[in-house]
Amino acid sequence: MTEEAGPSAARRRRRKRAVWIAVVLAFAGTAGAVTFTRLVSAPASSAPPVAPPATTQVTRTTLTDRIKVDGDLGTGTPVAVTGRRPGTLTRLPAAGEQLERGKVLYEVNAVEVPVFFGGTPLYREMRNGVPDGDDVKMLQENLLALGYSELGAASGKFGPRTAAAVKRWQKSLKAEQTGVVQPGDVIVVAGPVRVHAVTAQPGAPAEGPLLTVTGLDRLVSVELTEAQRRLARVDAKVKVYLPGGKDTPGTVREVAVKTVEDKSKPVATVTLDDAAPAEPGRVTVEFDGEKRENVLAVPVQALLAVREGGYAVEVVEGGKSRYLAVRTGMFAGGMVEITGDGLTEGMTVVTTS
């Protein structure tokens with residue numbers, strides 16, 4: 001059972017104008033009773049006029065627990081490019097240069113070394129009659145993508161038609177038209193790349209480490225605690241807050257344990273869904289956690305702490321207020337899930353200012 005009080009007295013209590021409230025909760029089964037005792041230290045007539053209290057409604061909604069973790073926006077870990085063609089470096093790219101399939105990465109003895117896409121590096125000499133293999137298929141796929149359709153299909157078998165396509169391709173590179181492909185004739189990467197840094201100099205030997213590249217995708221690297229790791233699920237959608245205050249959607253690509261400052265930590269890699277350029281720097285990533293659907297909730301400011309433990313809300317009905325014991329659930333985004341006997345959607349409750 002609840003004891004009703006006038007709204008003016010409730011307003012005086014909420015504004016702490018010499019009013020003290022003792023709240024005693026007594027629960028029998030699932031029923032709760034809230035009793036209030038007011039001790040007023042000054043006559044009511046001496047209290048100045050008080051504005052009506054702020055109110056809100058109990059809503060039925062979905063609450064989602066979210067965390068924000070700082071991360072670094074870049075283009076991923078640089079990968080070293082090692083030259084394998086004998087000779088002298090005659091041209092190198094500039095840092096920041098972007099390369100698609102077939103574009104020239106550098107030159108050796110004035111002969112161009114282009115970029116091919118694939119997952120199988122060139123590890124042997126390829127010529128007419130060489131045993132079938134994935135490296136042959138990779139070569140054929142790239143030649144077809146560059147328009148050398150005379151080879152037919154990417155079968156993985158190096159025959160006369162593939163040799164003819166190779167010769168025409170070599171002519172475009174101003175290389176000797178042998179129909180034979182050596183391991184150092186191309187650089188195989190997974191996809192389009194950006195030159196990160198150049199470590200070699202023109203005039204130096206072309207064999208050995210030359211430069212580093214990264215992918216074109218903007219990637220966010222986020223160090224997590226073990227407790228946060230459960231929120232970073234692969235393919236999960238996140239929100240990334242960029243330098244300058246803008247936000248953009250992202251997707252968790254990978255979660256792996258990596259060594260950071262000699263310690264093993266979970267690290268999430270997030271890709272930006274928006275293709276628009278974003279400046280590298282420190283960012284914040286918002287991960288969604290536990291979700292509670294179809295629950296009753298109010299702003300946290302509507303909760304009244306009970307001296308003996310627990311919470312209540314002040315319900316306003318027909319110009320009068322009463323106090324209803326509630327149990328709290330999830331807190332998220334300034335809202336709190338509540339349950340209690342007699343609690344219904346649409347109830348008007350008082351909030352603190």
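Visitor: Which strand holds Asn294, another residue with a positive phi that is not a glycine?

Guide: Asn294 lies in strand β17. Its phi is about 55°, and Asn294 is exposed, with a relative accessible area of 52%.

Visitor: How far can I trust the coordinates? What is the mean pLDDT of the protein?

Guide: The general idea is that where pLDDT is low, the predicted coordinates should not be read in detail. Here the mean pLDDT is 84, and 84% of the residues reach 70 or more. Over residues 1-44, however, pLDDT stays under 50.

Visitor: Now for sheets. What is the order of the strands in the open sheet of four?

Guide: In general, strands of a sheet pair through backbone hydrogen bonds, either parallel or antiparallel. In this sheet the order is β6-β8-β9-β10, and the pairing is mixed. At the edges are β6 (89-91) and β10 (187-189), each of which pairs on one side only. From one strand to the next, the twist averages 35°.

Visitor: In which sense do β6 and β8 pair?

Guide: They are antiparallel, with two bridges between β6 and β8 (residues 104-108). To find the pairing on screen, look for Leu89, which stands opposite Val108 in β8.

Visitor: Which strands does helix α2 lie across?

Guide: Helix α2 (residues 134-145) lies across β9 (111-117) and β10, at about 100° to β9. It has 12 residues and spans 16 Å from its first C-alpha to its last, close to the 16 Å expected. Buried residues of α2 include Val136, Met138, Leu139 and Leu143. The buried residues of this helix pack against β9, α3 (160-172) and β10. After the helix comes Gly147, with a positive phi near 105°.

Visitor: How many residues are in the largest nonpolar core?

Guide: As background, in soluble globular proteins, nonpolar side chains tend to be buried together. The largest nonpolar core here has 20 residues, and those with the most contacts inside it are Val220, Val222, Val240 and Phe287. The elements giving two or more residues to this core are β4 (59-74), β13 (219-223), β14 (237-241), β16 (263-272) and β17 (281-299). Apart from it lies another core, of 19 residues, among them Val108, Phe117, Ile187 and Val213.

Visitor: What does Phe287 touch beyond four places in sequence?

Guide: Among its contacts are Ile67, Val69, Val222, Leu231 and Val252.

Visitor: Why is β16 described as largely enclosed?

Guide: Seven of its 10 residues are buried, so the rest of the structure largely encloses β16. Five bridges join β16 to β13, and the two run antiparallel. Across this pairing, Val220 stands opposite Val270 in β16.

Methods. Residues are numbered from 1 along each chain as its sequence is written. This is a predicted model: local features need pLDDT of at least 70, side-chain atom pairs count only at pLDDT 80 or more; totals for chains, interfaces and linings use all residues. Side-chain values use heavy atoms; hydrogens and water are left out. Two strands pair if DSSP finds at least two bridges between them. Axes are lines fitted to C-alpha atoms, for helices over the stretch in contact, and angles run from 0 to 180 degrees between N-to-C directions. Contact means heavy atoms within 4.5 Å. The expected span of a helix is 1.5 Å times one less than its number of residues. Buried means under 20% relative accessible area, exposed over 50%, partly exposed in between (1.4 Å probe, protein chains only). pLDDT is the predictor's confidence in each residue, from 0 to 100. A nonpolar core is a set of buried Ala, Val, Leu, Ile, Met, Phe, Trp, Tyr and Cys residues joined through side-chain atoms within 4.5 Å.
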